[in-house]
Amino acid sequence: MKLLSRFEEHLLLAITRLGENAYGVTIRKELKELTGSSVSHGAIHSTLERLEKQGLVDSNFSEPESVRGGRRKRLYTVRREGVEALRQINQINQELWSGVPEMLRR
């Protein structure tokens with residue numbers, strides 16, 4: 001399996017954390033809150049499209065919002081393959097950190 005980039009890892013983790021409320025705007029907000037970095041909508045959506053093509057996430061549309069002219073949202077969920085990719089990258093990170101001097105692991 002291809003290793004995830006750090007950004008892909010962060011997206012998958014954000015989707016997992018958000019649960020049923022994972023769509024472009026909430027994912028972007030979650031990433032900003034957790035990393036302190038602002039990410040463009042384009043970067044998020046192009047990466048989500050790539051992850052979906054790789055079979056790591058699924059998407060579907062919500063019902064339209066109840067307000068007049070309400071729009072549907074594209075909601076994302078992490079597939080089993082995405083969970084496995086996260087487990088793999090987590091294992092690699094743990095192995096890498098285990099070889100780092102104690103002073104850096106605090």
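So, are helix 1 and helix 2 roughly parallel or roughly perpendicular to each other? Before I answer, this is a predicted model: local features need pLDDT of at least 70, side-chain atom pairs count only at pLDDT 80 or more, and totals for chains, interfaces and linings use all residues. Residues are numbered from 1 along each chain as its sequence is written, and side-chain values use heavy atoms, with hydrogens and water left out.

The chain runs α-α-α-β-β-α from the N terminus; helices (H or I, at least four residues) and strands (E, at least two) are DSSP runs, numbered from the N terminus.

Back to my question. Helix 1 (residues 6-18) and helix 2 (residues 24-35) pack at about 110 degrees, axes 9 Å apart. Axes here are lines fitted to C-alpha atoms, for helices over the stretch in contact, with angles from 0 to 180 degrees between N-to-C directions. Helix 1 and helix 2 are therefore roughly perpendicular, a label for 65 to 115 degrees, whereas under 35 is roughly parallel, over 145 roughly antiparallel and the rest oblique.

Who touches whom? On the helix 1 side, F7, H10 and L11 are among the residues that meet a helix 2 set including T26, I27 and E30, contact being heavy atoms within 4.5 Å.

Now the charges. There are eight salt bridges, each a side-chain nitrogen of Lys or Arg within 4 Å of a carboxyl oxygen of Asp or Glu. One joins R50 to E8, closest N and O atoms 3.1 Å apart. That pair links distant parts of the chain, helix 3 (residues 41-53) and helix 1, 42 residues apart.
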